[in-house]
Amino acid sequence: SNCNCHEIHIGLNNKVMREALASLLTFLVFFPSLIYSGGVTVELTSAEFYKSIQNSTFDAVIDVRRADEWEDGHIADATFVENLGSSGSIDALLGCEKCSLAIYCRSGARAGDAIKRLRDDFNFTGDLYNGLGVKQWKEEGYDLVKTDSIGAPCNNNDAYSCKNCSPDCPDSNISGICDKYVSTIALCFISVITSWYSFSI
């Protein structure tokens with residue numbers, strides 16, 4: 001038979017290239033929605049946390065420690081949601097799913113757990129900030145108070161409008177996300193070219 005192996009090889013290369021390009025195109029279409037499907041998650045220093053509170057950056061400041069820790073002293077105007085990082089109820093935050101929330105505990109670990117829980121288990125899509133804890137807060141010289149818990153203004157309040165994070169919000173600009181997106185595109189492009197080259201030799 002007159003099998004043209006060179007043409008078959010080119011045909012296979014073209015098929016591989018088309019499939020790779022189709023995969024890359026699909027990625028480029030859907031990846032931005034994955035990036036922007038939720039708000040940012042930022043860890044703040046105590047100084048940044050304090051300044052952001054003074055600037056009214058957050059819709060609510062959430063304390064996720066135990067009751068005895070709360071009673072020993074907490075950040076002013078905070079909303080107490082006991083043990084949110086583990087098994088605590090989110091009833092006090094219903095309606096706040098798209099809002100900017102700052103969350104703190106003793107040192108930051110439970111605040112991180114609470115943020116992960118809000119994202120993964122309860123589909124919170126607003127900007128979530130880890131304000132670390134009262135340990136760092138006191139080390140910076142900031143005061144704690146012993147007052148009642150403040151209800152989150154977004155809690156079951158349909159009339160409340162969540163704050164949109166401005167360029168003044170700490171570390172929440174879009175440029176960093178865009179840089180990661182561009183880098184990922186570049187890596188995908190290199191991968192496609194490398195795969196095509198490997199099949200062509």
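Modeller: Let us begin with pairing: two strands pair if DSSP finds at least two bridges between them. Strands are DSSP runs of E with at least two residues, helices are runs of H or I with at least four, and both are numbered from the N terminus. The model is a predicted one, in which local features need pLDDT of at least 70 and side-chain atom pairs count only at pLDDT 80 or more, whereas totals for chains, interfaces and linings use all residues. Residues are numbered from 1 along each chain as its sequence is written, and side-chain values use heavy atoms, with hydrogens and water left out.

Colleague: What makes β1 and β5 a pair?

Modeller: Three bridges join β1 to β5, and the two strands run parallel. Since the rule asks for at least two bridges, they count as paired. Two positions illustrate this: T41 has L128 of β5 as its bridge partner, and E43 stands opposite N130 in β5.

Colleague: What is the pattern of helices and strands along the sequence?

Modeller: The protein has six helices and five strands, and the sequence reads α-β-α-β-α-β-β-α-β-α-α.

Colleague: Why is S46 called buried?

Modeller: A residue is buried under 20% relative accessible area, exposed over 50% and partly exposed in between, with a 1.4 Å probe and protein chains only. S46 has 4% relative accessibility and therefore counts as buried. S46 lies in helix α2 (residues 46–54). Across the protein, buried residues make up 33% of the 201 residues, while in β5 six of the six residues are buried.

Colleague: What does the side chain of S46 reach?

Modeller: The side chain of S46 reaches the backbone oxygen of Q136 at 3.4 Å. A polar contact is a pair of N or O atoms within 3.5 Å; within protein, one must be able to donate a hydrogen and the other to accept it, and residues adjacent in sequence count only if both atoms are side-chain atoms. At 3.4 Å, the pair therefore falls within the limit.

Colleague: Is K146 buried or exposed?

Modeller: K146 is exposed, because its relative accessible area is 63% and the class begins over 50%. K146 is in the loop between α5 (134–139) and α6 (175–200).

Colleague: Which residues are in contact with K146, neighbours within four places in sequence aside?

Modeller: Contact means heavy atoms within 4.5 Å. With those neighbours left aside, K146 is in contact with E71, D72, G73 and H74. The C-alpha atoms of K146 and E71 are 6.4 Å apart, although the residues are separated by 75 positions along the chain.

Colleague: What makes Y50 and Y142 a stacked pair?

Modeller: Rings of Phe, Tyr and Trp (its six-membered ring) pair if their centres lie within 6.5 Å; planes under 30 degrees apart are stacked, over 60 edge-to-face, and the rest tilted. The structure holds eight aromatic pairs. In the pair of Y50 and Y142, the centres are 4.2 Å apart and the planes 5° apart, so both values meet the rule for stacking. The pair links Y50 in helix α2 to Y142 in the loop between α5 and α6, 92 residues apart.

Colleague: Why is the pair of W137 and Y142 called tilted?

Modeller: Their ring centres are 5.0 Å apart and their planes stand at 55°, so the pair is tilted. W137 counts as buried because its relative accessibility is 5%, whereas Y50 is partly exposed at 32%. Both W137 and Y50 belong to one aromatic cluster with F49, F58, Y104, Y129 and Y142.

Colleague: How does the reach of α4 compare with what is expected?

Modeller: The expected span of a helix is 1.5 Å times one less than its number of residues. Helix α4 (residues 109–122) has 14 residues and reaches 19 Å from its first C-alpha to its last, close to the expected 20 Å. Its buried residues are A111, A114, I115, R117, L118 and R119, and their cover includes β1 (41–43), β4 (101–105) and β5 (128–133).
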